[in-house]
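Have the model open while you read.

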Amino acid sequence: MTPSTTRPTRRGVLTGAVLAAALLVAGCGGAPADPAPAAGDGPRTLTLYSGREEDLVGPLLAQFQQQSGITVDTRYGSTTELAAQLAEEGAATPAQVFLSQDAGALGALAGAGAFAPLPEEVRGAVTAPYTATDGTWTGLTGRVRVAAYNTRVPEAEVPADVTELTDPRWRGRVGIAPTNASFQAFVTALRVQEGDDAARAFLEGLRANEVQVFPRNTAILEAVDSGVVDVGLINHYYVAAAETPPANTALKFGAPGTASALVNVTGAGVLAGAAESTEARELLRFLVSPQAQEYFARETGEYPLVAGVAGPAGMPALADLRAPRLDLADLEDLDGTTQLMTQVGLL
């Protein structure tokens, strides 16, 4: 089986240099927006920096533009690139809204004071733990860590706690993508929840167990489905959004409360300099609307985070997954994770 080639690679790791640069964003953001013009006074515009690919969010932004009459000037790039650009531009940045593919980037920028408080109707649409506790950014979709396994392996044999994949019986049978942002976010969650020593032991155990390394999650899914490896660590949506379901692959969701059940989020915030932008607030309200949330579930296979909107077809309910109790903003230290992975020899 060949996974859908229309699904873009999902990245967005904040490296040490970018994290340091992101801290310079404190107090900056989009240049203060002019008051919204009255009807007939001219076009309404909005500048968006999107760490999510155009193929994924472009059609949704087109819907927003058509309904609101607001022209969205979108600059696409990885979350890393755009965070660095925000730092370089400082207070002169034209950006009013930042759309991120992971909570770690949002947490780093929020900690630097880069975001304005969100309006109550946006803050209240998504509840903890999938949004900022300080109301500076909101989660938009959930992405769940899973173990994809070849169906020749009995489901009962696949561990729900992926740290058990360091057992010698899994030698050479497991695939990971160490450079992938979602894998690094999982390791960061493991560090936050169980400590650096536990994370190091897991990574060293994988390496000693001859873990198979792949460049991206789609390659892992192909390897699992073709039987090259028996188990691969990916996010759920690579199966949920596949145009052709993988014939020989099933998903094992993580043990409740463990880092193996991590639900990371994509999210967005209004930059501090755009605090008075009515256009920015309208976009955020749209992104947490049932219309947008249903789009994400249907088109990207991700979990909507607003109550009353059904999740992706064929996936368990988000409420049943029982993700670990942690503040997603604490996933900001991806630099510490990449340093640890480098020391272990996986990067």
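1. Let's start with Glu-279, which is buried at a relative accessible area of 4% (buried is under 20% relative accessible area, exposed over 50%, partly exposed in between, with a 1.4 Å probe and protein chains only). A word on ground rules: this is a predicted model, where local features need pLDDT of at least 70 and side-chain atom pairs count only at pLDDT 80 or more, while totals for chains, interfaces and linings use all residues. Residues are numbered from 1 along each chain as its sequence is written, and side-chain values use heavy atoms, with hydrogens and water left out.

2. What does Glu-279 pair with? Its side chain forms a salt bridge with Arg-44, at 3.2 Å from N to O (a salt bridge is a side-chain nitrogen of Lys or Arg within 4 Å of a carboxyl oxygen of Asp or Glu). Arg-44 sits in strand 1 (residues 44–50) and Glu-279 in helix 10 (residues 278–287), so the link spans 235 residues of the chain (helices, H or I of at least four residues, and strands, E of at least two, are DSSP runs numbered from the N terminus).

3. Next, Asp-333 and Arg-191 also meet in a salt bridge, 2.9 Å from N to O. Asp-333 is in the loop between strand 10 (303–304) and helix 12 (334–344), and Arg-191 is in helix 6 (residues 181–194), so this pair ties together parts 142 residues apart in sequence. Asp-333 is partly exposed at 30% relative accessibility, whereas Arg-191 is buried at 14%.

4. Glu-299 and Arg-298 make another salt bridge, at 3.1 Å from N to O. Here Glu-299 is partly exposed at 42% relative accessibility, and Arg-298 is exposed with a relative accessible area of 54%. The structure holds 16 salt bridges.

5. Now look at helix 6 against helix 12. Their axes are 9 Å apart and cross at about 100 degrees (axes are lines fitted to C-alpha atoms over the stretch in contact, with angles from 0 to 180 degrees between N-to-C directions). The two helices are therefore roughly perpendicular (65 to 115 degrees; under 35 is roughly parallel, over 145 roughly antiparallel, the rest oblique).

6. Which residues make that contact? On helix 6 they include Phe-183, Val-187 and Arg-191, and on helix 12 they include Leu-334, Leu-340 and Met-341 (contact means heavy atoms within 4.5 Å).
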